[in-house]
Amino acid sequence: MRVKEKGDRGVVQSVVLFLGVSVLSGALAAGLAIPFAGLAGFTTEKTSDTLQDLPQQFDEVPLKQKSTILAADGTVIATLAEQNRVPVKLKDVAPIMQKAIVAIEDDRFYEHGALDAKGTLRALLQNQSSGSVQQGGSSITQQYVKISLVEKAKTPTEVAAATADTYQRKVAELRYAVAVEKQYSKNEILEKYLNLANFGDGAWGIQAAAQHYFSVNASQLTLPQAAMLAGLVKNPTGYDPTNNAKRAKDRRDVVIRRMLELHVISVAQANSALKTPVIDPNKVRPNKLGCANGPYPFYCEYIVSLLEDNPAFGKTKIDRANYIKTAGLTIKTSLDRKIQADAQRSIDTHSQTTDQAVAAITIVEPGTGLVKAMAQSRGYGKKRGQTFYNYNVPKSYPGGFGGWQNGSTMKAFTIAAAIQKGIPLNYKINSPDPLPMGGQKFSTCNGTYKTPDGYSPKNSTTNVPVPTMIQAAQKSTNTYFLQLSQRTGLCPIAKIAASLGLYQAQNGEPLEQVASMTLGINQISPLQLSNAYAAFAARGMYCQPWLITSVKDSAGKSVSIPGAQCKQVLSQEVADGVNAVLHQVMETGGTGSKLKFGKSDLAGKTGTINEAKAVWYAGYSSKLAAAATVADASPPYKELQGQTLNGKPIHDASGSGTAGPIWEAAMKAALQGYPTTRFVAPSAVIQRGNVKDLPFVNGMNPDDAANKLRQAGFEVAIASGTVNSEETAGTVAYTDPRQRDGAPAGSLVTIYVSNGSKQVKPGKPTTTQTVQPPGTPTTLNPNCPPWNPKYPNCGGRGHG
């Protein structure tokens, strides 16, 4: 047995002296200044130093409040929270609830200071006899401090320190409790405690608990309800009525009897309350927290990812993620629930969750960038027919799938580059099928790209042999657009596409500049494509996708966030020209003609990638733009033909026939209620092009003619072989473009050499001819029917 040294006191003596001084002085701080000598393993010097290190003021912990995400009409679409909490004032808490919590947790709350001397002494004596902390005597103020310290803890080590069963932690709580009692009134402390406490099953704070268990506000709580909630705080999990109704009732009844014992309620009230069922299961509101439990999980998760990327909400991504779930933000979005329903209805009508192929569509408002809807065929989850991938957004965002090659929808950007260069809408190019292009050079932003030997692209549809830009767009003629992109250069196409928000959706890299760029070999997401096409609809005004329209903090004050971010990236005249070309795609003779509806002007473009692993339709009016896709989303990607869509095998996948109906149904419904709109007609300069006169070179020596054209400011190529002509053999028969049409400055002029034949039969080359001149029909497969939208790929697959 250890001999007591002078000045050393036993635990009981120390506690008695501590409490005595505290009571007699009227200030617990005086008692706390006395060393707790003899407390198990806790020295006088250590205790004294620890107490002196503690701050004299308690910094209140900010309440973790749930944040809500709203649709454009103010409807709640998701709740984000670490703790489901709605703070309320004490005046908005039923008096019976206040009495119940005080009765069971600290019935002398309004009589004592920071420390309940009787309760603490009883607990310390019990703990000393057992050798460990077995019994609590904490006042409500001390409990508030403890919960607050746990809330403040950010690391596992800090949490462990805040909940450790040690006298050191108990003394620290007492010191803080003294500070709290000095700073706040009893009612203020009770209010803070009720708002901070955990009431189990995901409900934090009295208001959230009342709503969760009873579907009422805290001000409406009855005696049995208040008693049940008061009993929960001791063990929120063990007494959770949704897990164990009997244990919850037993604990509730303890509270009721304690209230009766303290004369807070009458015998009649107690008996009535004891007979009341602990909860009505039909009134329990499930805590549907997070995007996964909302009606638009993919859209919601994209919103959260945008918030987490915004430095306004914290220094690091972890800080931002924590802030948006605890700061009580109100986040309003661009989601139009009516248009979202229209889009989802179209998806559901044309596809099924269990299809092998997937379908997706994004709808955007031109001129603002507001993303009105995102819909897809597979739901959110891990069951059959579900996915965690958002098929509408780039891979740079959590859950983003990263898109697919966008096929011939890319031709719209080549059209824009050509018009910008001054090439007219009626610009003709001889476009045979196939077109040998091995060894051809294409200028890029970084030099020159040379096509591989044997490169011989085909067309997916038939067309007139020498189509104009409009005709080539109507039939999506690959060989026309390859040659057009060679004339414009790939760099202008890439720059225009980038300025309209296009980049590789898989890795965020710039678009790859190769010969087939115009045929859509880069992976693009529906969000990117719909937003880019919206810029054409807005006459060249590009707006970044805008989904978060406002954010307010818990006090209702607006948080500064980016608004509409729009910039004129194409001249209105160039955009008008693009609209005129793509408008004709939806008129008679175009691949999108069967998708035309209503009275408003519409424009669009089909897209089918190699082997039809993905098909697209992107189109717009001046009010809404959308991009729809049907694709294989399961690597290794396979041809869509033979895969199921809407429960049936796909026989011939195409942009117009497979993705087009999804676009049509969604846009037709979405545009209901909008006024009739028209595109602005392109100017005469855009239609004719910014052309200059070509010098007349027919009948000249080809080399001399080439020099003359170069001196006039044109690039020149001499076609191999000869063509039928009345001109002398070996001289220039004609140029492409023709002398009468002129050509944009710096554009390519091709010289065709005459074979001297006097028997000219338009459209009939001689047997010695190796180049098909303008006016010569392409050779068709005799097994193919005349061109028909049902057979768009007859003659060889391409990117139509």
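Modeller: Let me begin with a definition: two strands pair if DSSP finds at least two bridges between them. Helices (H or I, at least four residues) and strands (E, at least two) are DSSP runs, numbered from the N terminus. This is a predicted model, in which local features need pLDDT of at least 70 and side-chain atom pairs count only at pLDDT 80 or more, while totals for chains, interfaces and linings use all residues. Residues are numbered from 1 along each chain as its sequence is written, and side-chain values use heavy atoms, with hydrogens and water left out.

Biologist: What is the order of the strands in the open sheet of 4 strands?

Modeller: The order is β2-β1-β3-β13, and the pairing is mixed. β2 (76-80) and β13 (548-552) are the edge strands, each with a single partner, so one side of each has no neighbour in the sheet. On average, neighbouring strands here are turned by 15 degrees against each other, direction ignored. For such angles, axes are lines fitted to C-alpha atoms, for helices over the stretch in contact, and angles run from 0 to 180 degrees between N-to-C directions.

Biologist: And how many bridges join β1 to β3?

Modeller: There are 3 bridges between β1 (residues 67-70) and β3 (residues 330-333), and these strands run parallel. L70 stands opposite K332 in β3. Helix α14 (residues 297-308) packs on this sheet and touches β1, β2, β3 and β13. The direction of α14 makes about 120 degrees with that of β3. Contact here means heavy atoms within 4.5 Å.

Biologist: Changing topic: which residues point each way from β4?

Modeller: A357, A359, I361 and I363 point one way, and V358, A360, T362 and V364 point the other way. In a regular strand the side chains alternate between the two faces of the sheet.

Biologist: Is β4 mostly covered or mostly open?

Modeller: Strand β4 (residues 357-364) is mostly covered, as 8 of its 8 residues are buried. Buried means under 20% relative accessible area, exposed over 50%, and partly exposed in between (1.4 Å probe, protein chains only).

Biologist: Which strands does β4 pair with?

Modeller: One partner is β17 (residues 625-632), joined in the antiparallel sense over 8 bridges; there, A625 is the bridge partner of V364. Another is β5 (residues 371-376), which runs antiparallel to β4 with 5 bridges. I361 stands opposite A375 in β5. The hairpin of β4 and β5 has 6 residues between the strands, and within this hairpin G367 takes a positive phi near 90 degrees.

Biologist: Now a helix, please. Why is α17 described as largely enclosed?

Modeller: In α17 (residues 411-420), 9 of the 10 residues are buried, so the rest of the structure largely encloses this helix. Among the buried ones are F413, I415 and I419. Just after α17, G422 has a positive phi of about 100 degrees.

Biologist: How many disulfides does the structure hold?

Modeller: It holds 3 disulfides, a disulfide being a pair of cysteine sulfur atoms within 2.5 Å. C291 and C300 form one of them, with their sulfur atoms 2.0 Å apart. That link is left-handed, with -65 degrees about the S-S bond, and both C291 and C300 are buried.

Biologist: What about C445 and C491?

Modeller: Their sulfur atoms are 2.0 Å apart, and the link is right-handed, with 95 degrees about the S-S bond. This pair links distant parts of the chain, 46 residues apart: C445 is in the loop between β9 (441-444) and β10 (447-450), and C491 is in helix α20 (residues 490-499). C445 has 34% relative accessibility, so C445 counts as partly exposed. C491 is buried, at 14%.

Biologist: And which residue does a disulfide join to C543?

Modeller: The partner is C566, with an S to S distance of 2.1 Å. The link of C543 and C566 is right-handed, at 110 degrees about the S-S bond. At 3% relative accessibility, C543 counts as buried, whereas C566 is partly exposed at 33%.

Biologist: Finally, where does pLDDT stay under 50?

Modeller: pLDDT is the predictor's confidence in each residue, from 0 to 100. The chain has a mean of 86, and 85% of its residues reach 70 or more. Over residues 1-44 the pLDDT stays under 50, and over residues 132-136 it is also below 50. Where pLDDT is low, the predicted coordinates should not be read in detail.
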